[in-house]
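Thanks for coming, everyone. I have one structure to walk through today. Let me put it on the screen.

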Amino acid sequence: LFLSFAGMVQKLDQKLPVANEYLLLSGGVREGVVDIDLDELNVYARGTDYDMDFTLLVPALKLHDRNQPVTLDMRHSALCHSWLSLRLFDEGTISKWKDCCTIVDHINGATNYFFSPTKVADWFYDSISIVLSEIQKKPQRGMPKVEKVEKNGTIISIILGVGSSRMLYDIVPVVSFKGWPAVAQSWLMENHFWDGKITEEEVISGFYLVPACSYKGKKDNEWRLSFARSEVQLKKCISSSLMQAYQACKAIIIKLLSRPKAISPYHLRSMMLWACDRLPANYLAQEDYAAHFLLGLIDDLQHCLVNKMCPNYFIPQCNMLEHLSEETVMLHARKLSSVRSDPADPLRTAIEHVKAANRLTLELQRRGSTTSIPSPQSDGGDTNQPDDRLAKKLQQLVTENPGKSISVFINPDDVTRPHFRIDDKFF
C-alpha cells in the first residue's frame, strides 16, 4: 500500500520528520474531505477509475512544541491563508528545506525563507516517482500494482491495484501544528453544538496548512488553514440522519453544480456545521427526519448563494463565496430552486450513478478473478487474495470508525510495518 511508499520517501533524503504521523481520511480531495478546490484536479470516476478513495495528509514539517496559540504570518494573505517563514524552525530544518522555499531579502540584510507549497509539492512528486521507479526495478511479492500517478496542482493522486480493487490516494503534503491558530481563537469563545459532547482539547488538538492559495493569492507562497483533524472529531456529534441528508445533498450538488465550478462539498459541510450550531439538538436528533434535513440543507445552500455568503466554520470572518460573480451564484441558485421543488428526481439519478459505479466495480473484479495477470510489481505468485484482504481491511478500518481520527505511523527503518492509531488506541 501507499503507506509503504510514504515510509520510503521519508527515508530517501531525510527531509520528512522521522517520527511522522499521517492523517488518513475516507474519501478523496474531490469529495470535499479537505478544503482544497484546485482547478488542476483531473476528473476520476468511481467504478471507472477506482473503487475506494482516500486522502492522506503527509506532514512535511511539524511544529508541535507550542503551548500558546500559534501566530502565523498573515500580512500578505487573504483570510484563512498564511505564508510560513522557516524562522520558526531550527537551522537544520532551514538547511534541509532551503531548496523548497522562496527567498525574500530584507533591507537590513537579513534573508527570510518562506516555505513554498508549489515547490514542496514538486519535491514530493519527484520523490514518489523515484521510490516507485526503485520498486519496479526490484519487485517484491505482494506489492500493489501502480496504475496511475499524476500531479494535480499541489496534490499527488495515485491509483493502486490491490488484488481486484483499485484504491485512489490523494496525497497532500501539509505543515502540521499542535494547538490552535490565534486567528481562530475567538471561535472558541462561542457556544457550539458539540459543547458537553466532546472536550475542547479533542477539538483543538491540532491544525494544518494545506497547499492551496486564495483566488488572488501568490501560489508559490500561500497556504490555506485546514481543520481536518477537528472536523473528524465534530462528526462524532452529528446524527446519522443528518449525515444521510448531507451525503444525499452532496451527491446532488456534485452532479448539478459542477459547471461552472463554484460550490464544493466542503462548502456544504461548513453549512451543515453552522446548521448544527443554529438548530435545537432535540430536532437534529430525530432519526426519521433525513428528508427534512435534506430540504433544509438545500435551503441553506440556496440562501448562501443568493447572499453570496458562506462563512468558514472556524474563521467566520472568512467568506468562502466572496470571489464568485453575481452571474455564477444566480445560475446555481436557479438550478437549486428547480431541485428544491422536486428533489426526488435528481436524488434518484445520483443513486443510479452510484449503483452503476458499483456494478462496474463488481464486473471488473469478476473479470480480474478469471484472468489473473501478474503485475510488474509482483513476482508472478498468486497475491490477489492477500492483497484483497489488505484493501478490505483498510476500508473496514475507516467505515467502522466513523467520526474517529485515524492516523498512520511509519518507521522509516521498517516500512513494511505501518501501524494505525484510532483516536488514542494503537493497532
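**Contacts, helices and a few residues**

Of the contacts in this chain between residues at least 6 apart in sequence, 72% join residues at least 24 apart. Contact here means heavy atoms within 4.5 Å.

Some ground rules. This is a predicted model, where local features need pLDDT of at least 70, side-chain atom pairs count only at pLDDT 80 or more, and totals for chains, interfaces and linings use all residues. Residues are numbered from 1 along each chain as its sequence is written, and side-chain values use heavy atoms, with hydrogens and water left out.

Now the overview. The chain has 12 helices and 13 strands. These are DSSP runs numbered from the N terminus: helices are H or I with at least four residues, strands are E with at least two. The chain has 427 residues, and buried ones make up 51% of them. Buried means under 20% relative accessible area, exposed means over 50%, and partly exposed is in between, with a 1.4 Å probe and protein chains only.

Helix packing next. Take helix H9, residues 290-306, and helix H10, residues 326-341. Their axes come within 9 Å and cross at roughly 160°. Axes are lines fitted to C-alpha atoms, for helices over the stretch in contact, and angles run from 0 to 180 degrees between N-to-C directions. So H9 and H10 are roughly antiparallel. The classes go like this: under 35 degrees is roughly parallel, over 145 roughly antiparallel, 65 to 115 roughly perpendicular, and the rest oblique. The H9 and H10 crossing is left-handed. That term applies if the near helix is turned anticlockwise from the far one by less than a right angle; clockwise would be right-handed.

Which residues make this contact? On H9, they are Leu-295, Ile-298, Asp-299, Leu-301, Gln-302, Leu-305 and Val-306. On H10, they are Val-329, His-332, Ala-333, Leu-336, Ser-337, Val-339 and Arg-340. By class, that is 9 nonpolar, 3 polar and 2 charged. Nonpolar covers Ala, Val, Leu, Ile, Met, Phe, Trp, Tyr, Cys and Pro; charged covers Asp, Glu, Lys and Arg; the others, Gly among them, are polar.

H9 has another partner. Helix H7, residues 265-278, packs with H9 at about 110°, with the axes 10 Å apart. That makes H7 roughly perpendicular to H9. H7 brings Leu-268, Met-271, Met-272, Ala-275 and Arg-278. H9 brings Leu-297, Asp-300, Leu-301 and Cys-304. This contact has 7 nonpolar, no polar and 2 charged residues.

Stay with that part of the sequence for a moment. Gly-32 sits in the loop between S1 and S2. Gly-32 is buried, at 4% relative accessibility. Leaving aside neighbours within four places in sequence, Gly-32 contacts Pro-265, Tyr-266 and Arg-269. Gly-32 and Arg-269 are 237 residues apart in sequence, yet 8.2 Å apart in space, C-alpha to C-alpha.

On to strand S2, and Thr-55. Is Thr-55 buried or exposed? Buried, at 0% relative accessibility. Not counting residues up to four places away, Thr-55 touches a list that includes Leu-23, Val-29, Asp-170 and Val-172. A polar atom of the Thr-55 side chain lies 3.3 Å from the backbone nitrogen of Val-29.

Then Ser-82, in strand S3, residues 81-82. Its relative accessible area is 0%, so Ser-82 is buried. A polar atom of the Ser-82 side chain lies 3.1 Å from the backbone oxygen of Asp-73. Beyond four places in sequence, the contacts of Ser-82 include Leu-72, Ser-77, Glu-222 and Trp-223. Ser-77 is in the loop between strand S2 (52-63) and S3. Ser-77 is buried too, at 17%. Ser-77 touches Ser-82, Trp-83 and Glu-222, again without residues up to four places away.

Last, backbone torsions. Most residues other than glycine have a negative phi. Two here have a positive one. For Cys-80, phi is near 75°. Cys-80 lies in the loop between S2 and S3, and is buried at 3%. For Gln-14, phi is near 60°. Gln-14 lies in the loop between helix H1 (2-13) and strand S1 (20-26). Gln-14 is partly exposed, with a relative accessible area of 44%.

How values were computed. A polar contact is a pair of N or O atoms within 3.5 Å; within protein, one must be able to donate a hydrogen and the other to accept it, and residues adjacent in sequence count only if both atoms are side-chain atoms.
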